[in-house]
Amino acid sequence: PSSAQVSAVPHSERFCYTLDNDLLTTEQRQFYEDNGYLLIKKLVSDEDIERFRKEFTRICKREVKPPGVMIMKDESLKSQFGQSEKVVNKVQDFQEDEELFRYCTLPEVLKYVECFTGPNIMAMHTMLINKLPDSDKQTFLHPMHQDLHYFPFRPASRIVCAWTAMERAHQDNGCLVVQPGTHKTTLKPHGYPEWEGKTNKLFHGLLDEDERIPKVHLVMEKGDTVFFHPLLIHGSGINRTSGFRKSISCHFASSECHYIDVKNTTQEHLEKELEEMVRKKYDATSVELKDIWSFRARLVQGERINL
């Protein structure tokens, strides 16, 4: 049991996006209710972050090869830097890497996650992002998007992302940008933005972005962690510095969530793209979106029920 154990505090009618708990203050719950995100300062220790950094470097150098991990690179830099972190933009699906997956099991993270998901928690989607210096080409600009676009499970209010800065994140090195309050909207159509030569595989963005909605740049220090709703519209800018902007994240969901059929929805084209990628990678003849997510998902607390 964590310090965020769900308790019978009579707040339920007032709050839609958090569960009754004895960890979050009323002000914190109201902030998440209104804005769709909550920033907790210095949540993850420097020691843990350094361990994650070392493991990331080992993966980049191919010293370890975790099964199922997807390594995204800027191939144009390979001839210059070889197998190193200077070419790797993202390590995704690290659920089989024991060291990186520790992030998803940290008690200090899970006690907050439980406030959004309840006690039965699945780690669904894992990423370590290494935003490369990118002032000219804007290759790694991530367009504004909603994470729920990628997920074939519901309800959205029982899903939360934990995103931890592994060093100071600010406007110059491409920190997160959010549009507060947009978690109250519906899932919008996504696709590849019309940026010539600047789109990355699966970096989908909103097809119709409302520029009138105010944006907030989340300046974060090392170890700061933001929790946000999967419908919150967010993205990240380009890294105009000479260094790398690292972050580690996991999308958690209640194991009581259920899979949905995305056919004839705005998510159908994503399903086809993902299925094709998996078929090529694993030489599989038939694969469904639900299978892909079942493979990624791992129980981190409580009981595995549906997912």
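This is a predicted model: local features need pLDDT of at least 70, side-chain atom pairs count only at pLDDT 80 or more; totals for chains, interfaces and linings use all residues.

Modeller: Residues are numbered from 1 along each chain as its sequence is written, and side-chain values use heavy atoms, with hydrogens and water left out.

Colleague: How many helices and strands does the protein have?

Modeller: Helices (H or I, at least four residues) and strands (E, at least two) are DSSP runs, numbered from the N terminus. By that definition the protein has seven helices and 16 strands.

Colleague: What percentage of the residues is buried?

Modeller: A residue is buried under 20% relative accessible area, exposed over 50% and partly exposed in between, with a 1.4 Å probe and protein chains only. Of the 307 residues in the protein, the buried share is 56%.

Colleague: Which strands are the edge strands of the open sheet of four strands?

Modeller: Two strands pair if DSSP finds at least two bridges between them. The open sheet has antiparallel pairing and the order β5-β13-β8-β11. Strands that pair on one side only are the edge strands, namely β5 (142-145) and β11 (216-217).

Colleague: Which residue in β13 is the bridge partner of His 145?

Modeller: Strand β13 covers residues 234-236, and β5 pairs with it in the antiparallel sense over two bridges. The bridge partner of His 145 in β13 is His 234.

Colleague: Why is the pair of Phe 116 and Phe 227 stacked?

Modeller: Rings of Phe, Tyr and Trp (its six-membered ring) pair if their centres lie within 6.5 Å; planes under 30 degrees apart count as stacked, over 60 as edge-to-face and the rest as tilted. The structure holds nine aromatic pairs. In this one the ring centres are 6.0 Å apart, and the pair is stacked because the planes are at 25°.

Colleague: How many residues apart are Phe 116 and Phe 227?

Modeller: Phe 116 is buried, with a relative accessible area of 1%, and Phe 227 is buried at 0%. Phe 116 lies in helix α5 (residues 107-117) and Phe 227 in strand β12 (residues 225-228), so that the pair links distant parts of the chain, at a separation of 111 residues.

Colleague: Which parts of the chain does the pair of Phe 153 and Trp 293 tie together?

Modeller: Phe 153 and Trp 293 form an edge-to-face aromatic pair, 5.5 Å centre to centre with 75° between the planes. Both residues are buried. The pair ties together parts that are 140 residues apart in sequence, because Phe 153 lies in strand β6 (residues 153-154) and Trp 293 in helix α7 (residues 289-296).

Colleague: Which residue lies over the face of Trp 293?

Modeller: A charge sits over a ring if NZ of Lys or CZ of Arg is within 6 Å of the ring centre and within 35 degrees of the ring normal. The charged end of Arg 298 sits over the ring of Phe 101, 4.1 Å from its centre. Over the face of Trp 293, at 4.4 Å from the ring centre, lies Arg 296.

Colleague: Which residues are linked with Asp 48 in a network of salt bridges?

Modeller: A salt bridge is a side-chain nitrogen of Lys or Arg within 4 Å of a carboxyl oxygen of Asp or Glu, and the structure holds 16 of them. Asp 48 forms one with Arg 102, the closest N and O atoms being 2.8 Å apart. Asp 48 is in helix α2 (residues 46-60) and Arg 102 in the loop between α4 (98-101) and α5, 54 residues apart. The network links Asp 48 with Arg 51, Glu 99 and Arg 102.

Colleague: Are Arg 29 and Asp 20 buried or exposed?

Modeller: Their side chains meet in a salt bridge of 3.0 Å, N to O. Arg 29 has a relative accessible area of 2% and Asp 20 one of 7%, so each of the two counts as buried.
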